[in-house]
There are 2 protein chains.
Amino acid sequence: MRPGTLLYAQSGGVTAVINATASAVIQEARARGVKVLAARSGILGALREDLIDTSREPISAIRALAHTPGGAFGSCRYKLKSLKQDAARYDRLLQVLQAHGVRWFLYNGGNDSADTALKVSELARERGVELSCIGVPKTIDNDLAVTDTCPGFGSAAKYTAVSVREAALDVAAMAETSTRVFIYEAMGRHAGWLAAAGGLAGTGPDEAPQVILLPERAYDEAAFLAKVSAVVEQVGYCVVVASEGIATADGTFVADAGGSKDSFGHTQLGGVAAHLAGRVKDQLGLKVHWTVPDYLQRSARHIASRTDWEQAQAVGKAAVRLALAGHNGVMPVIVRSSDKPYRWKIESAPLAKIANHEKKMPASFIRKDGFGITEKARAYLQPLIKGEAPLPYGSDGLPKYVTLKNVAVKKKLEPFEA
Amino acid sequence: MRPGTLLYAQSGGVTAVINATASAVIQEARARGVKVLAARSGILGALREDLIDTSREPISAIRALAHTPGGAFGSCRYKLKSLKQDAARYDRLLQVLQAHGVRWFLYNGGNDSADTALKVSELARERGVELSCIGVPKTIDNDLAVTDTCPGFGSAAKYTAVSVREAALDVAAMAETSTRVFIYEAMGRHAGWLAAAGGLAGTGPDEAPQVILLPERAYDEAAFLAKVSAVVEQVGYCVVVASEGIATADGTFVADAGGSKDSFGHTQLGGVAAHLAGRVKDQLGLKVHWTVPDYLQRSARHIASRTDWEQAQAVGKAAVRLALAGHNGVMPVIVRSSDKPYRWKIESAPLAKIANHEKKMPASFIRKDGFGITEKARAYLQPLIKGEAPLPYGSDGLPKYVTLKNVAVKKKLEPFEA
């Protein structure tokens, strides 16, 4: 094996297990004598030559990274445009990689990152630069094409199912004299995967959540209110899981419907749950509570799925192997061999098949009435939340999360305004 | 030991561990040959003679109750007034207790329930009825007098501290190109205990949460915005934990600042995070995200505190012993013997010292600038979130929570409209 340097960068919204991928990447590379640099704040750090030398971290810290949520080196929301439009940035990126002897570039993210990784791989090929560019999957949205699931999703799905089940027990106990309708707002702007995972909290039709609102179906207020009312009549209470991305038939996001000013003219931030709660209260006159877990659902390492955690590490390890074997413009993906028992393996897929695609929930996963998930969806989702990922706790009662030193690599180039 | 029947009822908002108390009550009573009935939907069931025979549940179910959140027999928000104003209801209650041979009544709740238990104990004494009435502490608000802490609080506190730490790692990773200010809304209408527990997520002054807003201090918008701005300037981002009950100096709830009232014309709490987020956006122009965990924070058995869980069981066990020893009008309370290591024991206190009192955070627990907690608060809070409570998971990836059969006891009296 010739010596060389690998650059790893995180991109987009972080997850409960993206650092598990990072940990696997670094451990696998170290075992093969490869030095790993990490870009600070994702691709921004790569452009600014703001790089971190991970060899300065003890192995104990790298191992602890595997159970630490967030993004250890920083991530960013920053999309590179086409090779033509962003020519200067792509040039700079290659310059930085070459200046630091980077032969392998691993970009850990979702759709946009797959697109960037693809472009970089094409550019390197065009220019005859010796570079392997590998996309590494990650997103709680679960909307990447080809791969069976996306690391990060299973843990957010488990958080959702467990939280909905627990809150439903609370609501059921109190419904007679207190809250009748409880609304849980799940992340997912375009695809309803996480809201659907909330459906795992119950099994029978009377079990919570009795209503799931998915962006794959147009939101119809009258039908929603009628359904909630019928459920409360029959069960005594109703638990609703609503995707943040639901929209009416004309494409208007429900979250925007509530956007308003209060009596002082101040911005009144709302969102889907607050809006739906207001409608239930006004139209049905029922006591309603609502929750917006927001970042909690994507950072809750304490309730991570073991399956997800193992897959996050597996794609990291596979990415290093693919890179070192000289592959370029590919992504390690998860392939499902069977549902029961759930069996999966890692294969390699071309980034061209993944970049800029968006995997929505298939129609066969959505119940006919549009308010729930089918057995087919359950068979797909259930294995992804299976198992509990180990997590050490300190004597202070908190998980032992690690903070890396993140020692900067000395710069060799002129500054660049990314 | 003479045979007899014990009636157990849950009251007010449920917690992650109130069923652990129920489990301990039933197990302790069974061990002493005492039959345990439970009131369905709390005191309402006692008034309606809607009672559950817990002897119909196998011991495995009673044991599983110890790790199941919610309220297994149902709870309610229903406050009995004075003995004079609610004479008919108190009479009915004694009738029901006598009809079913109840000699021991355990009422598991917060301030209001302690008050009801006290009144029932006084009435029984006046009437010469052989009845031991015992209050059993429970509330995530941690606002009961005399007891060191309230079962339910430690678990909600642990949920808060862990969630804030996890979300803070997320925000820190993304702040440069995404969210700069994150606001977490904690329950607590009058006392800031839960918001204060969020402070355990960090240690140094730069560690999240950098700002805590407590109802014990008047909310000053200008000071809040200046503080957030300064923290963002220095740290790069700011995590805020805000109690739902914060109010301005004139007593106006911040949640009510926009002028929203509920359907009864009452102040609608729960809008603090959304309001603060709007102000940060409008006034500071920073990208902001916010979370309202709502019921999730009080039902999250999956992240319960072991200390809290053990205390919840200890007060249940002690309540049975106090009852059977013939005590009346008392509550088992937690007494702290030392901070480090945390040592506690159960003692008995008169309900008269607890009913209708409200324990707020002492001034010595609040930092001078009003935006954080002191070392004294930390020394008090830390032990309460210590340890993880065991929880079995199923092969479906979800905690194995139990649903009881809740077999009704045959009624002996005329119906009563509670």
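Predicted model: local features only at pLDDT ≥ 70, side-chain atom pairs only at ≥ 80, totals over all residues.
**Entry: the surface between the chains**

Next I looked up which residues each copy uses. I find that 84% of the interface residues of chain B are also interface residues in chain A, so the copies meet through the same surface. Chain B brings 77 residues to the contact and chain A brings 69. I read the buried area as about 5,900 Å² between chain B and chain A. Carbon and sulfur atoms carry 57% of that area.

**Entry: polar and charged pairs between the chains**

How many salt bridges does the rule find across the interface of chain B and chain A? I get 4. I looked up one pair by name: the side chains of A:Arg298 and B:Asp170 form a salt bridge, at 2.7 Å from N to O. For polar contacts between chain B and chain A, the rule returns 28 residue pairs, both residues at pLDDT 80 or more.

I then listed the elements on the side of chain B that touches chain A. Those giving two or more residues are helix 2 (43-48), helix 6 (153-174), strand 6 (181-186), helix 9 (272-284), strand 9 (288-291) and helix 10 (296-299) of chain B. Which of them gives the most? Helix 6 of chain B does, with 13 residues. Sorted by class, the side of chain B that touches chain A holds 32 nonpolar, 27 polar and 18 charged residues.

**Entry: the domains inside chain A**

In chain A, 21 residues of domain 1 are in contact with 13 residues of domain 2.

The area buried between domain 1 and domain 2 of chain A is about 1,300 Å². Carbon and sulfur atoms give 57% of it. Where does domain 1 of chain A lose the most area to domain 2? I noted A:Ile140, A:Asn142 and A:Ile303, together 43% of what that side buries.

The side of domain 1 of chain A that touches domain 2 divides into 9 nonpolar, 7 polar and 5 charged residues.

Notes
Residues numbered from 1 in each chain as written. Chains lettered and ligands numbered in written order. Heavy atoms only, no water. Contact = heavy atoms within 4.5 Å. Buried area = accessible area lost by both parts, 1.4 Å probe. Nonpolar A, V, L, I, M, F, W, Y, C, P; charged D, E, K, R; others polar. Polar contact = N/O pair within 3.5 Å; in protein donor to acceptor, adjacent residues only side chain to side chain. Helix = DSSP H or I, 4+ residues; strand = E, 2+ residues; numbered from the N terminus.
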